[in-house]
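Colleague: Please take a close look at a single part of this model. One connected account will do, with cut-offs given where terms come up.

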Amino acid sequence: MKAFVSALRARAARLAVAVLVAAAPGSVALAAPAAPAAPAAPAALPGDSVYQLPITLTGQDGRSARLAGRRGAPVLVSMFYTSCKFVCPMLIETIRDVEAKLSVEERASLAVVLVSIDPEHDTVQVLKRVADERGIDAARWTLARTDAASVRKLAAVLGIQYRALVDGEFNHTTAVVLLDGDGRIAARTTRLGNADAAFVKRVRSVALAASR
Amino acid sequence: MERAALWPPRARALVAALLAALAGNGTAAEYVQVPAGTLTSAIAPDAIGTPVPIDAFSIRAAPVTKGEFHRFVEARPEWQRGRVAQTFADGRYLQDWRSANAVGDAHAEDEPVVNVSWFAAEAYCEAEGGRLPTWHEWEYVAAADATRRDARDDPAFRARILARYASATPADLPAIRAAANAYGVRDIHGAVWEWVDDFNALLVDGDSRSGEDADKLRFCGAGAINLQDRENYAVLMRIALLSSLNGSDSTTSLGFRCVRPVGDKAR
């Protein structure tokens, strides 16, 4: 509890600094060098990290969290929509096939996040139903939704294209992206069905490093 | 302690409001109203070219200028050249500026901003209380000439646009000054091309052009994108350019303008 309170205070202090810096653009040059004096902040996020994106995801359990909160462990990320009859079930099977090729330790270090491109229809209830139907491991897998603008930004960062069609379907490219512990794109595959061997190799090495 | 936990979001809201005011520098950008309607798009959402419904919105009369973007990066230093995260902008971001916080000659402030990534353009529009236009919104407005809301069937209109594209010299961008179209929108076919919100949704490739089913293993709802209007080269050039880009890319001829929702869709 104490740690929690002091974390809140540290956060408040950082925000106060941010307020001062942001509200007085003329003083930016002076204020910026003072930042490192703030107490033991975590190492700066790499500039090429997907976690630079300030978006929040809500999972099938109804809990919301910043995407950047995933920092620290590798994640497989992809985008889908639940009413897709053909590719999306295949996407889940493909990721399972990748996982089947990992050791127990490697698998335990890896999270899977599938973000809906159809937030209008994919409510938390729908995500929960699909998660149950597909029997996903809710301890490590998250089916998630976010607002439409955040979907567009996440897709742009991951290099995934999608487009709504008139019949409620979406046209989208399917890619599974491996993020390392700092949220950098370590590998990606567009292959569905049997796992892509080169991709599995990258997942193993990133997961192995994380499980140590 | 509860209070300590509560104030930051409010402070944040205050900062957001301050930033919006600073980005606009007190002078509101000119937006013009665009009424709702339907658009027969060059890239319809299905194979039979069903017209796309367009909700009413308002759009910037002119593209965002370097001066306006300059004030934005002053208020939001995380979008300055040299500071912006690589995830959001490549090495060419604002490369034509004299420095991270100076555009160059005074006259340059009135030129449309270019060398901006999609993420930066989207952030600018959000600070202005809007977003980038969707492709269909852009295409709807760009269909107009000086007197007609949809002049696309007129070969002379098409030829004029193509001629402008052919003569565009991004190295020496003109200040914004072209005549307004029927909506009051200027320079939409000028030397600067414009980002759209759904640039990563245009999905034009050989498969959809030929009308054959695209690779079903890559695309859900595959094969549904068809180019409806193969004569409209000017629009097809835009689609080809936009769909080849990543969100962090910056190019010497690509700028943007913003839209705001109106009526029920306004937040």
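**A helix in chain A, then a sheet in chain B**

Modeller: Helix α7(A) has the buried residues A:F199, A:V200, A:V203, A:V206 and A:A207, where buried means under 20% relative accessible area, exposed over 50% and partly exposed in between (1.4 Å probe, protein chains only). Seen down the axis of α7(A), these buried residues fall within an arc of 135°, so they line one face of the helix; the arc is taken from the directions from the helix axis to the C-beta atoms. This is a predicted model, in which local features need pLDDT of at least 70 and side-chain atom pairs count only at pLDDT 80 or more, while totals for chains, interfaces and linings use all residues. Residues are numbered from 1 along each chain as its sequence is written, chains are lettered from A and ligands numbered from 1 in the order written, and side-chain values use heavy atoms, without hydrogens and water.

The face of α7(A) turned away from the buried side carries the exposed residues A:A197, A:A198, A:K201 and A:A209. The buried residues pack against β3 (75-80), α3 (87-100), α4 (104-108), β8 (176-179) and β9 (185-189) of chain A, a contact being heavy atoms within 4.5 Å. Helices (H or I, at least four residues) and strands (E, at least two) are DSSP runs numbered from the N terminus.

α7(A) covers residues 197-211, 15 residues in number, and from first C-alpha to last reaches 21 Å, close to the 21 Å expected; the expected span is 1.5 Å times one less than the number of residues. At the start of the helix, a side-chain oxygen of A:D196 comes to within 3.1 Å of the backbone nitrogen of A:A198.

For a second example of packing, turn to chain B. There, three strands form an open antiparallel sheet in the order β1-β5-β10, with pairing requiring at least two DSSP bridges. β1 (31-34) and β10 (259-261) of chain B stand at the edges with a single partner strand each, so one side of each is left without a neighbour in the sheet. Neighbouring strands are turned by 25° against each other on average, direction ignored. Four bridges join β1(B) to the antiparallel β5(B), residues 57-60, and B:Q33 has B:S58 as its bridge partner in β5(B). Helix α4(B), residues 135-142, packs on this sheet and touches β1, β5 and β10 of chain B, its direction making about 75° with that of β5(B). Axes are lines fitted to C-alpha atoms, for helices over the stretch in contact, and angles run from 0 to 180 degrees between N-to-C directions.

Notes
A polar contact is a pair of N or O atoms within 3.5 Å; within protein, one must be able to donate a hydrogen and the other to accept it, and residues adjacent in sequence count only if both atoms are side-chain atoms.
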